[in-house]
Amino acid sequence: MTTKLLICDDSNMARKQVARSLPDGWDVDISFAADGVEGIEAIKAGKGDVLLLDLNMPKMDGYQVLEAILAQDLPTLTIVISGDIQPEAHQRVTSLGALGFIKKPVNKDILTEVLSSYGVFTNKTSDTDDEPETLDSALNNAAVASSVDVITTPEKPINTQDNVPSNDSEARFAESDITLSTDIRDCYQEIANVAMGRAGDLLARLLNVFVELPIPNVNFIEVSELRMALKDIENHESTSGICQGFISAGISGEALLILNDSSFKDVASLMNYQYNADMGTELELLMDLANVLIGACLKGISEQLDIQFSQGHPEVLGQHRKISDLIANNANKWKKTLAIEISYSIENYPIKCDLLLLFTEKSMQTLNNKLAYLIE
């Protein structure tokens, strides 16, 4: 019997990756949804016997989708595939009825294992006389299932030598001016989403909190416009910041960590620091956060693109100043930048921390070529 499968993720690249990772020989009718609202509508239309669900989406996120499925008693089996790998995230989705939790980027073997463990997919070549479990039986079993362990088998990094972009793709980027097309923006956003989740997980474990993760904001803009772009996160509050350069073959840039000054006391309390502004506690906290967030984000990006970043020594941008003032010195280093903005916040605490990854314009050629095969 053909299984109606719904892949719900706001990233086109992620939807393609999940579709390519489905078990071989599985008789499925695949539908796609770009956000939770579309996802619920598709389930109601009978397109989601099985739901592969992202958490971080616009309009209606994955948590809200799971809540709606419970409230409306919608007939679907849900497996979450997310870049948010915090332990609390896993606990929350399983408490809302999700069968399994798989971290991004999705691994085909792990996905097959989870689907098989709930009888959703059965390998027809298996040497067994047992009758395969029907989807109705799986739904009934899922109603009483409690949770599934987090699957932590490491994924292999992308091997760019095995996935060389086609000549047409390379020519497309080489012959035209560097731009940020919709497809390429989506790729950058999804890669940033996975890297953001790795850093958020470390921060959550460090502070013993739940980190609220945003949808990364990706822009290719004039550096002179960067201060204008940050006006909406400035919020008329003084900030402190750290800058750290990074470089790889054909790629270079800077990472900026900016923390609202009002957040220092809460962060100090969560990290068991004895807070004393006059004794340099704020700078020490800022350096610790930068080591965690910048290092984890760059590592997350490097693993997905199979590159290696070398990081410079962190430098203090300034303390107790506006964001626009903090980045003023960086505005003269190059003309245009690929800016990835991630705004971390902590549940139940007025803590706000912004991470900016700024890649030079020259880096775009290398980055775009590495991403080209992902959108073919």
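Predicted model: local features only at pLDDT ≥ 70, side-chain atom pairs only at ≥ 80, totals over all residues.
Close-up 1. Residues are numbered from 1 along each chain as its sequence is written, and side-chain values use heavy atoms, with hydrogens and water left out. β8 and strand β10 (residues 310-311) run antiparallel, joined by two bridges. Strands here are DSSP runs of E with at least two residues, helices are runs of H or I with at least four, and both are numbered from the N terminus. Two strands are said to pair if DSSP finds at least two bridges between them. β8 also pairs with strand β11 (residues 315-321), again in the antiparallel sense, over four bridges. Look there for Gly 241, which stands opposite Gly 318 of β11. As for cover, eight of the ten residues of β8 (residues 239-248) are buried, where buried means under 20% relative accessible area, exposed over 50%, and partly exposed in between (1.4 Å probe, protein chains only).

**Close-up 2. The β8-β9 hairpin.** What joins β8 to strand β9 (residues 251-260)? Ten bridges do, and the two strands run antiparallel. They form a hairpin with two residues between them. In the turn, Gly 250 has a positive phi of about 75°. Ser 248 stands opposite Ile 251 in β9. As background, strands of a sheet pair through backbone hydrogen bonds, either parallel or antiparallel.

Close-up 3. Phe 359 lies in strand β13 (residues 352-360). Is Phe 359 buried or exposed? Its relative accessible area is 2%, so Phe 359 is buried. Leaving aside neighbours within four places in sequence, Phe 359 is in contact with a list of residues including Phe 246, Ile 251, Trp 334, Ile 340 and Leu 367. Contact means heavy atoms within 4.5 Å. Phe 220 is 139 residues away from Phe 359 along the chain, with 9.3 Å between their C-alpha atoms.

Close-up 4. Five strands make an open sheet in the order β2-β1-β3-β4-β5, with parallel pairing. Its edge strands are β2 (28-33) and β5 (100-103), each pairing on one side only. From one strand to the next, the twist averages 20°. Inside the sheet, strand β3 (residues 50-53) and strand β4 (residues 77-82) pair in the parallel sense over four bridges. Leu 52 has Ile 79 of β4 as its bridge partner. Helix α3 (residues 62-72) packs on the sheet, touching β3 and β4, and its direction makes about 155° with that of β3. Helix α2 (residues 36-44) lies across β1 (3-8), β2 and β3, and runs at about 170° to β1. For these angles, axes are lines fitted to C-alpha atoms, for helices over the stretch in contact, and the angles run from 0 to 180 degrees between N-to-C directions. Cys 8 has 1% relative accessibility, so it counts as buried.

**Close-up 5. Where α1 meets α8.** Helix α1 (residues 12-20) and helix α8 (residues 182-207) pack at about 75°, with their axes 7 Å apart. The two are therefore roughly perpendicular; angles under 35 degrees count as roughly parallel, over 145 as roughly antiparallel, 65 to 115 as roughly perpendicular and the rest as oblique. On the α1 side the contact is made by Asn 12, Met 13 and Ala 14, and on the α8 side by Asp 183, Asp 186, Cys 187, Glu 190 and Ile 191. These contact residues divide into four nonpolar, one polar and three charged. Here Ala, Val, Leu, Ile, Met, Phe, Trp, Tyr, Cys and Pro count as nonpolar, Asp, Glu, Lys and Arg as charged, and the others, Gly among them, as polar.

**Close-up 6. Ala 192 on helix α8.** Ala 192 belongs to helix α8. At 2% relative accessibility, Ala 192 counts as buried. Setting aside neighbours within four places in sequence, Ala 192 is in contact with Pro 216, Ile 340 and Ile 342. Cys 297 lies 105 residues from Ala 192 in sequence and 7.7 Å from it in space, C-alpha to C-alpha.
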